[in-house]
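Have the viewer open as you read.

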Amino acid sequence: MATATSTLFSLSSLSASLPSPARPAPASLSLRAVSPRARLPASYAAFPIGGLGAWAAATPASSGRWRRRGLEVVCEAAKTGTATGRRPDSVKKRERQNDRHRIRNHARKAEMRTRMKKVLKALEKLRKKADATPEDIIQIEKWISEAYKAIDKTVKVGAMHRNTGNHRKSLLARRKKAIEILRGWYVPNAEPAATS
């Protein structure tokens with residue numbers, strides 16, 4: 001018989017002292033000792049060492065499991081499908097898909113970040129340039145269009161939330177508009193020319 005100091009018991013050494021429960025025990029059991037105050041999840045069944053006479057009170061506790069003072073043997077039922085240690089094919093397929101999607105999403109995000117940095121650096125250079133002309137912004141507008149396309153593709157494949165994509169596009173547009181206002185190429189709230 002196992003002592004109170006050992007924390008792990010084998011099923012064969014305790015089979016003689018364990019009572020036969022009302023419901024059949026699972027085929028795969030792991031037995032271990034727990035403290036009397038331990039909270040047991042629903043997948044555990046507790047048996048006293050030394051038969052049913054070892055129970056102090058033969059009433060179930062509020063959690064539905066028998067409680068007593070002293071040492072208990074707790075049998076943990078094996079999870080369904082893991083008794084063989086083999087994962088279902090659907091889990092393996094999902095892992096393969098996750099690997100593919102992670103690589104694809106990383107590539108999309110990297111392209112988007114590269115194009116955004118290109119635009120932001122060009123706008124910063126234009127802001128510092130002393131003799132800038134309105135024609136200088138044309139090339140930057142092409143790069144902004146490419147950045148928008150990369151952001152939209154990233155959102156489309158699901159690598160980024162659409163609100164985040166809109167926020168990043170708005171960031172580029174605001175930076176460009178700030179440069180135009182600074183240079184005097186754009187006047188906000190300007191009255192349109194009257195046509196008659």
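This is a predicted model: local features need pLDDT of at least 70, side-chain atom pairs count only at pLDDT 80 or more; totals for chains, interfaces and linings use all residues.

Numbering runs from 1 along each chain as its sequence is written, and side-chain values use heavy atoms, with hydrogens and water left out.

Helices here are DSSP runs (H or I, at least four residues), numbered from the N terminus.

| Helix | Residues |
|---|---|
| α2 | 89-128 |
| α3 | 136-156 |
| α4 | 162-183 |

Take α2: its 40 residues reach 59 Å from first C-alpha to last, close to the expected 58 Å (1.5 Å times one less than the number of residues). Its buried residues (under 20% relative accessible area, 1.4 Å probe, protein chains only) are Q97, N105, M112, M116, V119, A122, L123 and L126. Their cover includes α3 and α4.

Now for that pair. The axes of α3 and α4 (lines fitted to C-alpha atoms over the stretch in contact) come within 9 Å and cross at roughly 170°. They are therefore roughly antiparallel, a label for angles over 145 degrees. In contact terms (heavy atoms within 4.5 Å), I137, E141 and I144 are among the α3 residues that meet α4, whose side includes L172, A173 and K176. By class, that contact has eight nonpolar, one polar and seven charged residues.

K176 belongs to α4 and counts as buried because its relative accessibility is 17%. Beyond neighbours within four places in sequence, K176 touches L123, I137, E141 and I144.

How values were computed:
Helices (H or I, at least four residues) and strands (E, at least two) are DSSP runs, numbered from the N terminus. Buried means under 20% relative accessible area, exposed over 50%, partly exposed in between (1.4 Å probe, protein chains only). Axes are lines fitted to C-alpha atoms, for helices over the stretch in contact, and angles run from 0 to 180 degrees between N-to-C directions. Angles under 35 degrees count as roughly parallel, over 145 as roughly antiparallel, 65 to 115 as roughly perpendicular and the rest as oblique. Ala, Val, Leu, Ile, Met, Phe, Trp, Tyr, Cys and Pro count as nonpolar, Asp, Glu, Lys and Arg as charged, and the others, Gly among them, as polar.
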